[in-house]
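Let's take a walk through this protein together. Have a look at the sequence and the model first, then read on.

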Amino acid sequence: MAPKVHTFEEVASHNKKDDCWLIISGKVYNVTPFLEEHPGGDEVLLTSTEKDATNDFEDVGHSDDAKVTMQKFYIGEIDESTLPSEQKYTPPPSATSTANQDSGSSSKILLFILPLLILGLAFVLRLYSKKE
């Protein structure tokens, strides 16, 4: 028997403490019965609803036992064509960003020249103090 295929919208609607589904690695899990047992607390699982929680799951580094336990909660697959595309934030170009870049390169030059100026001044002062 083929696994049931769920849409993202369907899975995302199960986002409450008494009805919690997660998407992890293309699979759908009904973790509602596990919320109170989860070592990280139920809030961790609830904040992973309404999105693909694969990165959240992998970032924690779950044990092999945890991966075996989660199989009890497997209820089907996700229709990947219904997943929202990830939108990456790209800041708009602005005059302040170029100004910051200019001041950044100026400060790098100062970090190089300032010690040389101090060293030169110390040399001149030493030379002058020897003559007197």
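Here is a short tour, from the overall layout to the strands, the cores and the surface.

Keep in mind that this is a predicted model, where local features need pLDDT of at least 70, side-chain atom pairs count only at pLDDT 80 or more, and totals for chains, interfaces and linings use all residues. Residues are numbered from 1 along each chain as its sequence is written, and side-chain values use heavy atoms, with hydrogens and water left out.

**Layout.** The protein has five helices and five strands. These are DSSP runs numbered from the N terminus (helices: H or I, at least four residues; strands: E, at least two). Read from the N terminus, the order is β-α-β-β-β-α-α-α-β-α.

**Strands.** Strand β4 pairs with two partners, as the table shows. For a pair to count, DSSP must find at least two bridges between the strands.

| Pair | Direction | Bridges |
|---|---|---|
| β3 (residues 19-24) and β4 (residues 27-30) | antiparallel | four |
| β4 and β5 (residues 74-78) | antiparallel | three |

Follow valine 28 for a moment: its bridge partner is isoleucine 23, and it also stands opposite glycine 76 in β5. Two residues lie between the strands in the hairpin of β3 and β4, and serine 25 there takes a positive phi near 55°.

**Cores.** Which residues touch the most other members of the largest nonpolar core? They are Ile24, Tyr29, Val31 and Leu45, out of 13 residues in that core. β3 and α2 (42-46) are the elements that give it two or more residues, and β3 gives the most, with three. A nonpolar core here is a set of buried Ala, Val, Leu, Ile, Met, Phe, Trp, Tyr and Cys residues joined through side-chain atoms within 4.5 Å. Buried means under 20% relative accessible area, exposed over 50%, and partly exposed in between (1.4 Å probe, protein chains only). If we skip neighbours within four places in sequence, valine 31 is in contact (heavy atoms within 4.5 Å) with Cys20, Leu22, Leu45 and Phe73. Across the protein, buried residues make up 23% of the 132 residues.

**Surface.** Now hop over to helix α5 (residues 95-131), where you'll find phenylalanine 112. Is this residue buried or exposed? Phenylalanine 112 is exposed, because its relative accessible area is 59%. In soluble globular proteins, nonpolar side chains tend to be buried together.
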